[in-house]
Amino acid sequence: MQHPQNTTIIGLQWGDEGKGKMVDRLAENADMIVRFQGGHNAGHTLVVEGITYKLNLLPSGIVRPDKKTALGHGVVLDLWALEKEMATLSAAGISITPDRFMIAENTSLIMPWHRVQDQNRERGLGDKKIGTTGRGIGPAYEDRVGRRAFRAGDLLDQQDLKARLGEFSDQVDDFAAFCEDMMRFTKTLSPHIVPLWHVLSEGQRNGEKVLFEGAQGFYLDVDFGTYPFVTSSNTLASQAATGTGLPASAVGHVLGVVKAYTTRVGSGPFPTELGDATGEHLGAKGHEFGTVTGRKRRCGWLDGVLLKQACTINGIHALALTKLDVLDELPTINVAVAYQKAGVTYTHLPLHWRDFSGVSVVYETLPGWQSVTEGLQDYDALPANAKAYIAYIERLTGVPVTYISTGPGREETIVR
Ligand code: IMP
């Protein structure tokens with residue numbers, strides 16, 4: 001079967017590239033929006049008609065009343081976080097009925113003890129800590145591959161679930177309250193739990209367009225990222241198939257979202273990081289604070305080495321360049337094109353974080369445009385040097401930039 005109608009959106013840096021806005025925009029032409037990895041460590045901010053929605057778990061398409069959404073089994077699901085997010089959105093007038101929001105039956109659950117394990121491990125690592133979101137993501141994935149996870153479909157058999165929960169009475173402070181919550185979920189969430197592979201494949205047969213919504217970013221991928229300073233899932237584009245049950249051919253058009261500069265939350269090497277006034281400026285103008293943890297994001301120049309590698313491994317068809325307007329005031333703009341360390345020049349990500357740490361960066365310097373691009377919706381209205389920056393990125397990656405985001409609002413976007 002051909003699936004030319006599907007689109008996969010992923011971030012090409014360390015997350016926070018502005019995927020939520022792109023997903024929201026492209027959701028207009030999709031029938032179903034599906035998440036395929038990560039959990040409530042993600043934070044997507046959407047601004048729709050002046051209202052700001054902050055989502056951690058529910059697919060961004062949920063704010064569009066005529067769309068279906070789903071969580072694929074590649075996600076790890078915290079039922080308490082889901083309940084809370086559903087309640088907040090319902091209070092804001094968004095309907096989250098089972099026909100509009102589905103959960104794959106084979107999705108692994110994040111249990112309260114995973115959060116405790118996550119936070120304890122981080123404390124134990126001291127200054128080598130990963131800087132996780134502390135939400136139990138890693139330990140939940142460990143239990144999945146350890147073949148001992150609770151899965152969403154387990155909510156469908158109350159008796160069996162009750163019996164299994166009994167084995168965990170020493171893992172939570174208030175076991176009675178925990179069991180009560182789990183029994184409530186069996187009632188409230190069961191209608192949402194489906195064999196998602198089947199629902200999706202039926203949809204494909206009927207010509208439905210799926211938009212796969214990535215979370216985190218490519219350099220947080222557990223295999224290809226800046227290991228061990230990564231998340232515990234595969235964030236790359238092909239995970240859209242692996243994490244949902246559609247075949248590899250269903251990934252469709254792959255749109256890579258890249259911020260015009262780089263940010264990172266959490267620990268780990270970041271060669272183009274700016275510890276100076278320019279870094280402060282990017283953080284302040286770009287409102288670079290984590291949606292999930294409120295942490296200040298580290299800011300730096302665009303890393304062309306990483307971007308090129310991300311485009312290759314993910315088979316990126318087109319780029320969405322976000323937050324271009326944040327660069328408006330800068331007289332010059334740098335892009336990393338190589339790293340050097342101990343006499344070695346790298347034009348790719350070194351395998352070991354120790355080699356990646358403390359590299360000196362070879363930059364190419366481009367002229368800034370020092371005029372306002374904020375809110376522009378017309379490519380021709382961009383200053384010549386902004387167009388030159390975009391053309392430079394296209395030359396560097398060999399991939400066309402088809403969207404340019406010039407502000408947080410749905411409309412503040414240039415389409416080419
Ligand atoms: P974890 O996913 O909570 O295990 O955290 C692992 C690493 O991924 C940490 O550096 C986090 O800051 C980072 N991380 C996880 N989710 C996101 C995200 O949505 N945006 C940016 N960084 C993230």
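Two strands count as paired here if DSSP finds at least two bridges between them, strands being DSSP runs of E with at least two residues and helices runs of H or I with at least four, both numbered from the N terminus. The model is a predicted one, so local features need pLDDT of at least 70 and side-chain atom pairs pLDDT 80 or more, while totals for chains, interfaces and linings take in all residues. Residues are numbered from 1 along each chain as its sequence is written, and side-chain values rest on heavy atoms, with hydrogens and water left out.

Within the sheet, T69 has F101 of β7 as its bridge partner. Strands β5 (residues 68-71) and β7 (residues 101-104) run parallel and share 3 bridges. They belong to an open, mixed sheet of 10 strands, ordered β9-β7-β5-β2-β10-β1-β11-β15-β19-β20. β9 (193-194) and β20 (413-415) sit at the edges with a single partner strand each, so one side of each has no neighbour in the sheet.

Then there is the ligand. Around it are 16 residues, with D16, N41, T133, T231 and R295 coming nearest; a residue qualifies if one of its heavy atoms lies within 4 Å. Polar contacts are pairs of N or O atoms within 3.5 Å. The side chain of D16 has an N or O atom 3.3 Å from a ligand nitrogen, and that of N41 has one 2.9 Å from a ligand oxygen. A polar backbone atom of G131 lies 3.2 Å from an oxygen of the ligand. On its own the ligand exposes 470 Å², and the protein buries 96% of that (Shrake-Rupley areas, 1.4 Å probe).

Methods:
A polar contact is a pair of N or O atoms within 3.5 Å; within protein, one must be able to donate a hydrogen and the other to accept it, and residues adjacent in sequence count only if both atoms are side-chain atoms.
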